[in-house]
Amino acid sequence: MNSRYLSTIVILLTLIFSQSANSQTCKVSNGKMENGMQQFTEVYEFDYVDIKPEFPGGGNSLIDFINSTREYPAEAYKNGIQGRVTCSFIVHPDGKISHIKVLRGVETSLNNEAVRIISEMPLWTPGIYQGTAVPVRVVCCIPFRK
């Protein structure tokens with residue numbers, strides 16, 4: 001094997017592994033400015049933590065919470081507007097939720113209702129990475145159907 005070929009393989013493997021490591025986390029604005037620069041908080045992606053954050057009682061309890069908290073906007077219901085609002089949010093090491101964002105919306109009133117539901121969630125069990133509770137980005141769909 002010639003050295004140029006080997007060098008190319010080493011460079012490609014380095015790029016692949018460095019990209020993989022970088023995709024474990026993302027940065028979100030923490031709403032603070034310092035010296036005129038926006039400040040960011042590093043959060044882990046859901047798939048890369050050792051223990052995933054969890055709604056109290058698990059997935060079935062999350063569904064029950066959404067169903068019992070959801071208030072279908074009257075005008076949207078009357079007009080037959082339905083669909084799933086996909087949101088992301090951060091679960092912090094203390095279990096609190098922040099940075100709620102609509103990733104894929106349906107209609108303004110349904111999008112706002114999905115954000116309201118998520119903002120009223122109780123504390124979650126935090127995600128764990130290498131034995132430490134860390135902030136984790138979670139993606140959740142809120143369904144609206146007649």
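## Confidence of the model

The model is a predicted one, and the protein has an average pLDDT of 85, with 79% of the residues scoring at least 70. Confidence in the protein is lowest in helix H1, which covers residues 3-22 and has a mean of 45, whereas the highest value, 98, belongs to H4. Where pLDDT is low, the predicted coordinates should not be read in detail.

## Packing of H2 against H4

Helix H2, formed by residues 59-69, packs with helix H4, formed by residues 108-119, at an angle of about 125°, and the axes of the two helices lie 10 Å apart. The crossing in which H2 passes H4 is right-handed.

On the H2 side the contact is made by Phe65, Ile66 and Thr69, and on the H4 side by Glu113, Arg116 and Ile117. Sorted by class, the contact of H2 with H4 comprises 3 nonpolar, 1 polar and 2 charged residues.

## The setting of Ser119

Ser119 is located in helix H4. With a relative accessible area of 48%, Ser119 is partly exposed, a class that lies between the buried limit of 20% and the exposed limit of 50%. Although Ser119 and Phe89 are 30 residues apart along the chain, their C-alpha atoms are separated by 9.4 Å.

Methods:
Residues are numbered from 1 along each chain as its sequence is written. This is a predicted model: local features need pLDDT of at least 70, side-chain atom pairs count only at pLDDT 80 or more; totals for chains, interfaces and linings use all residues. Side-chain values use heavy atoms; hydrogens and water are left out. Axes are lines fitted to C-alpha atoms, for helices over the stretch in contact, and angles run from 0 to 180 degrees between N-to-C directions. Helices (H or I, at least four residues) and strands (E, at least two) are DSSP runs, numbered from the N terminus. A crossing is left-handed if the near helix is turned anticlockwise from the far one by less than a right angle, and right-handed if clockwise. Contact means heavy atoms within 4.5 Å. Ala, Val, Leu, Ile, Met, Phe, Trp, Tyr, Cys and Pro count as nonpolar, Asp, Glu, Lys and Arg as charged, and the others, Gly among them, as polar. Buried means under 20% relative accessible area, exposed over 50%, partly exposed in between (1.4 Å probe, protein chains only). pLDDT is the predictor's confidence in each residue, from 0 to 100.
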